[in-house]
Amino acid sequence: RVFFAIGVTFEEAWLDQIAALNKAMRIVHTEAGIERRRMVGHGHTEEDADDDHASGDPHVWLSPPLVMLQARNILQALTDTDPAGRNHYERNYKAFIEEIVDLDAELRAIFAESGGSRTFMVFHPSWGYFAEAYGLKQVAVETEGKEPKPRELKDLVEFARKRDIRVIFVQPQFSRKGAEVIAREIGAQVAVADSLAEDWAG
């Protein structure tokens, strides 16, 4: 009865065909009302951001404040579709929002106490909204979804040394080869941060 869309590239490519198979199905864009930021890979600026994400960075679900907006859009769609279940949906929505508020406060406290650089390095630049929410800056290892070339690796190594970066985050869905090269050169560790983890809050 309802398809909850999140605005990722492969979804946008198939959404019309999915809708055509079930004309009675309602499509709800959970990211509605959220301004999409440009997705910037290594060596790019906001103006020449990754062509693969020309419609903007889809990773809004990695920002707790933005997830509150997504949850509101989901609640509205559920209560419209199933008015009889309104109390149930609203009760669960309230509990989820309280959980996000607690998580947001915990994250803000962590970053407020931590000193040093506010810059972090990650292979795929999916943490832009998260970084925006907490005053951080992400630097991507990849260039347009590809492993960096030798010259780009050299620049990234120099950048990481200057910023005293000690951890490089990788996602299970992408190669970690480039990140491991940089980590080895600067004596850093590689850590997994899964942007598609089922345990979202974890």
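**Reading strands and helices in a predicted model**

Guide: Phe3 stands opposite Ile27 in S2. Keep in mind that this model is predicted.

Visitor: Which strands pair here, and in which sense?

Guide: Strand S1 (residues 2-5) pairs with strand S2 (residues 26-29) in the parallel sense, over four bridges. Between the two, the chain passes through helix H1 (residues 9-21), and this β-α-β crossover is right-handed.

Visitor: What do the side chains do along a regular strand?

Guide: In a regular strand they alternate between the two faces of the sheet.

Visitor: What unit do S3, helix H4 and S4 make?

Guide: Strand S3 (residues 119-122) and strand S4 (residues 137-140) pair over four bridges, in the parallel sense. Thr119 has Lys137 in S4 as its bridge partner. With helix H4 (residues 128-133), S3 and S4 make a right-handed β-α-β unit.

Visitor: At what angle do helix H5 and helix H6 pack?

Guide: The angle between H5 (residues 150-162) and H6 (residues 177-186) is about 50 degrees, and their axes are 10 Å apart. Angles from 65 to 115 degrees count as roughly perpendicular and those under 35 as roughly parallel, and H5 and H6 are therefore oblique to each other. The crossing of H5 past H6 is right-handed.

Visitor: Which residues make the contact?

Guide: H5 contributes Leu153, Leu156, Val157, Ala160 and Arg161. From H6 come Gly178, Val181, Ile182, Glu185 and Ile186.

Visitor: How many residues of that contact are nonpolar, polar or charged?

Guide: In the contact of H5 with H6, seven are nonpolar, one is polar and two are charged.

Definitions and conventions: Residues are numbered from 1 along each chain as its sequence is written. This is a predicted model: local features need pLDDT of at least 70, side-chain atom pairs count only at pLDDT 80 or more; totals for chains, interfaces and linings use all residues. Side-chain values use heavy atoms; hydrogens and water are left out. Two strands pair if DSSP finds at least two bridges between them. A crossover is right-handed if, with the strands pointing away from the viewer, the path from the first strand over the helix to the second runs clockwise. Axes are lines fitted to C-alpha atoms, for helices over the stretch in contact, and angles run from 0 to 180 degrees between N-to-C directions. Angles under 35 degrees count as roughly parallel, over 145 as roughly antiparallel, 65 to 115 as roughly perpendicular and the rest as oblique. A crossing is left-handed if the near helix is turned anticlockwise from the far one by less than a right angle, and right-handed if clockwise. Contact means heavy atoms within 4.5 Å. Ala, Val, Leu, Ile, Met, Phe, Trp, Tyr, Cys and Pro count as nonpolar, Asp, Glu, Lys and Arg as charged, and the others, Gly among them, as polar.
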